[in-house]
Amino acid sequence: RDTIDRIPKGRNFTDVITMAPGANAESKAGGIQVDGASGSENRFLIDGMDTTNLQTGVSGKTMLIDFIQEVQVKSSGYNAEYGGATGGVISAITKSGSNSFRGGVGVYERDLKFAGSLTKRPSFGYSPFVNATTLKNEKVSGQVSNPTPFRQMNYVGDIGGPIFKDKLWFYGGIAYDK
């Protein structure tokens, strides 16, 4: 979990897979190549449940990295229980409760105020690196551009702890996108 917290990543657990040795993003097919096998040959598990999309071979479920304890990438020589995968087996294990209360809250914010501005604007239209002030009243393809402000807020919270010490625990997490 400490390593996952420290590395640059996206919000889905599949974003950390390419950090494993032998795993590469397959940009054209949209999957993850593990030890030379195509992305459609992988198998995705979340807490032991198969979540592989049968048509595309990618993970059929989204699980936020905030609720993941660890991600395992098995590339070869795995047990028969993972039959049907000729590529990699990607297994995500969610967080769980323990004998002490733990939790957290946070917010992810994306806004044009965090984007820089380019000294030379690309000729192909809107660039996410040009801020709203630069775009205001600028002519793009013969039309006046008046973009709507871009702002995305994602709120995340989780808590876990004991119900009966050493016997029964709980864990819950919630995410809200605004």
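**The overall picture**

Keep in mind that this is a predicted model. The protein has 11 strands and two helices. Reading from the N terminus, the order of elements is α-β-β-β-β-β-β-β-α-β-β-β-β. There are 178 residues in the protein, and 30% of them are buried. If you take the contacts with a separation of 6 or more, 53% of them come from residues 24 or more positions apart. As for the surface, the protein exposes about 11800 Å², and 53% of that is supplied by carbon and sulfur atoms.

**Rings that pair up**

How many aromatic pairs does a search of the whole structure find? The count is two, and here they are:

| Pair | Geometry | Centre to centre | Between the planes |
|---|---|---|---|
| Phe101 and Phe170 | tilted | 6.2 Å | 55° |
| Tyr155 and Tyr176 | stacked | 6.3 Å | 20° |

Start with the phenylalanines. Phe101 is in the loop that runs between strand E6 (89-94) and strand E7 (102-111), while Phe170 belongs to strand E11 (residues 168-177), so this pair ties together parts that are 69 residues apart in sequence. Phe101 has 58% relative accessibility, and because the cut-off for exposed is over 50%, Phe101 counts as exposed. Phe170 comes in at 29% relative accessibility and counts as partly exposed.

Now the tyrosines. Tyr155 is part of strand E10 (residues 151-164) and Tyr176 is part of strand E11, so the pair ties together parts that are 21 residues apart in sequence. Tyr155 is partly exposed, at a relative accessible area of 34%.

**A charge over a ring**

There's another ring worth a look: Tyr108. The charged end of Arg11 sits over the Tyr108 ring, 3.9 Å from the ring centre.

**A residue in a loop**

Last stop, Thr51. You'll find Thr51 in the loop between strand E4 (49-50) and strand E5 (68-74). Is Thr51 buried or exposed? With a relative accessible area of 10%, Thr51 is buried, because the cut-off for buried is under 20%.

Definitions and conventions. Residues are numbered from 1 along each chain as its sequence is written. This is a predicted model: local features need pLDDT of at least 70, side-chain atom pairs count only at pLDDT 80 or more; totals for chains, interfaces and linings use all residues. Side-chain values use heavy atoms; hydrogens and water are left out. Helices (H or I, at least four residues) and strands (E, at least two) are DSSP runs, numbered from the N terminus. Buried means under 20% relative accessible area, exposed over 50%, partly exposed in between (1.4 Å probe, protein chains only). Rings of Phe, Tyr and Trp (its six-membered ring) pair if their centres lie within 6.5 Å; planes under 30 degrees apart count as stacked, over 60 as edge-to-face and the rest as tilted. A charge sits over a ring if NZ of Lys or CZ of Arg is within 6 Å of the ring centre and within 35 degrees of the ring normal. Contact means heavy atoms within 4.5 Å. Accessible areas come from the Shrake-Rupley method with a 1.4 Å probe; for residues, only the protein chains shown count as cover.
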